Amino acid sequence: MEFEKPLPLQTPASQPYWEGLKNRKVCIQQCDDCATWIFYPRNHCTECLGNSLSWKEVSGEASLYSYTIARQPTAPHFADEIPQLLAIVELDQGVRMTSTLVGANPSDLRVGMRLRPHFDHMTDEVTLLRFAPLVANSE
């Protein structure tokens, strides 16, 4: 039996984030009053409670903050992703987000390792942000 994977629900507050991902861009909010970076998308600043937030494109480069290796499916929908590399990543702007890692060998995972964004096109409306190891240029 094959299961259709659940997809995130887009809200008016998160729409610019999802639109950016569709265009292979990582966009997060920044407070216009105190310059705090904000993730997850919301309508007010988590630091000063101001409601003047702007969407800014960032590189999407991050560090691995924490991870777990799920060797059994976390749900039947993810049976094709075993082992599933579940991660909390910290973007260079300081915000943390949950995601999954792709293109990584589980035995090579290390807290603090550098990551780059990986855009996983699921449907015409949804592109997921995953992360892959940032491979240093050997030149």
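**Salt bridges and a buried threonine**

Arg114 comes out as partly exposed, with a relative accessible area of 31% (buried is under 20%, exposed over 50%, and partly exposed in between, using a 1.4 Å probe and protein chains only). This is a predicted model, so local features need pLDDT of at least 70 and side-chain atom pairs count only at pLDDT 80 or more, while totals for chains, interfaces and linings use all residues. Residues are numbered from 1 along each chain as its sequence is written, and side-chain values use heavy atoms, with hydrogens and water left out.

The whole structure holds nine salt bridges, each being a side-chain nitrogen of Lys or Arg within 4 Å of a carboxyl oxygen of Asp or Glu. In one of them, Arg114 pairs with Asp92 at 2.8 Å, N to O. Arg114 sits in strand β7 and Asp92 in the loop between β5 (84-91) and β6 (96-100), so the pair ties together parts 22 residues apart in sequence. Helices (H or I, at least four residues) and strands (E, at least two) are DSSP runs, numbered from the N terminus.

Glu19 bridges to Lys22 with the closest N and O atoms 3.4 Å apart; both lie in helix α1 (residues 15-22), three residues apart, about one turn of the helix. Glu125 also forms a salt bridge with Lys22, at 3.6 Å between the closest N and O atoms. That pair links distant parts of the chain, with Glu125 in the loop between β7 (114-121) and β8 and Lys22 in helix α1, 103 residues apart.

Thr127, in strand β8 (residues 127-133), is buried at 3% relative accessibility.
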